[in-house]
Amino acid sequence: MGLVVWLAINAVFASSVQVSLSLVDEQWMISLKSAATFTVAYLGAALPQSSRVKAAIAWMREQVSEQVVRCLKSGVILAFAILAINLLIGLITVITWTVRNHAAMVSLFELSGMENGSRILTTLAMLIWLPNLMLWAISWLFGAGFSIGELANFTLWMGQSNGLPAVPAFGILPEPIADNLWRTVMLEIPLGIACIAGLLMIILPQGFACRPLNIRDASKRGSVLASLIYAAGSFCLSAMLTSLIATLLFAISNGSLGQHRLAHVGVDVMASTRAVGHPMAWGLAVAWLIAVVGTTLVFSIGWIIERVKASRTTSHRTVDPRQTRSDVNVQQSQESKEEQDDKHEPADTSSTGFRLS
């Protein structure tokens, strides 16, 4: 019943929009998208409260060990954390574009003859583009770029446009970055984010709480190695989820502003996914290798120190045979000398008495 009401409301709204069909889908497509939106929202609200779902989750927890569950949870949390940081960076990038290019947007307002009230309403209406612009900014910042149909292409290396419509939002679109150093820094941002997030997940108690120094304790070596193994599995899951969700987000951010030259507005989904997914996977791999190398170095250094201490202790406890024989000879010579001194010593007459005849 809820789905029927939702479709009816969307049909009424769609019929009241008096614009070209090039900007609005046909009625069957509108209904299909509305039904998909309602279904996803309903399942998201109903499934967590379902008794069957709760029973299935409880059964899975009984069948799967706690460490595996923790590994899966950590992988999902890490993937969403990385994506959230990327979206935040995209928002900061859009704000930077707006600050740097606000003069161009004001010029478009003036060319359109808008007064202050119309400018405010237009600006508020353009906020609906913000999620799309954030995703386009991520693609641009990480090297893939985006395009406004066949009229404009924007990347770190070029920013050319030819006959764009007088839409104020287009005034904030970026210029290319001339400095090679800054371009390199921007391209390495996803790798750095993934590396730092991976190291924090390995070290923090909320993650795997891996302590390389514990490898010196024989009773804790097993837990350290297990943490590294589970971290590797978690990172693989995170890399997969990051790429999958990024692909879906980039695909949703694309659209159309008409036909012909404005038929496709947005990013190249595969190129943008590679620009985000590959550095993220490499960053997580680097984080795991840093943890493994650090643990190996701690174990190696501790093993060498223990061997040196053991060798020194053994050398102190071991007696040299030649030194022992010389000590015995000295002791024997001293005893012989004492015996000779006893033989040549004169008799003590102080206590001898003479008897008188």
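**Pocket lining and a helix pair**

The lining of the second largest pocket divides into 10 nonpolar, three polar and two charged residues. The model is predicted: local features need pLDDT of at least 70, side-chain atom pairs need 80 or more, and totals for chains, interfaces and linings use all residues. Numbering starts from 1 along each chain as its sequence is written, and side-chain values use heavy atoms, without hydrogens and water.

**Exercise 1.** Describe the lining of the second largest pocket, and state which element gives the largest share.

Step 1. The lining has 15 residues, with Thr96, Trp97, Arg100, Trp140 and Ile177 nearest the pocket centre. (A pocket is an open set of 1 Å grid points where a 1.4 Å probe fits, with protein on both sides within 12 Å along at least five of seven lines; lining residues have an atom within 4 Å of a point.)

Step 2. (Helices are DSSP runs of H or I, at least four residues.)

Step 3. α4 gives six residues, the largest share of this lining.

**Exercise 2.** Classify the packing of α7 against helix α10 (residues 221-253) and list the residues in contact.

Step 1. The axes of α7 and α10 come within 9 Å and cross at roughly 120 degrees.

Step 2. On α7, the contact (heavy atoms within 4.5 Å) is made by Asn132, Leu135, Trp136, Ile138 and Ser139. From α10 come Leu249, Phe250, Ile252 and Ser253.

Step 3. By class, the α7 contact with α10 has six nonpolar, three polar and no charged residues. (Nonpolar: Ala, Val, Leu, Ile, Met, Phe, Trp, Tyr, Cys, Pro; charged: Asp, Glu, Lys, Arg; polar: the others.)

Conventions. Helix = DSSP H or I, 4+ residues; strand = E, 2+ residues; numbered from the N terminus. Axes fitted to C-alpha atoms, helices over the stretch in contact; angles between N-to-C directions. Parallel < 35°, antiparallel > 145°, perpendicular 65-115°, else oblique.
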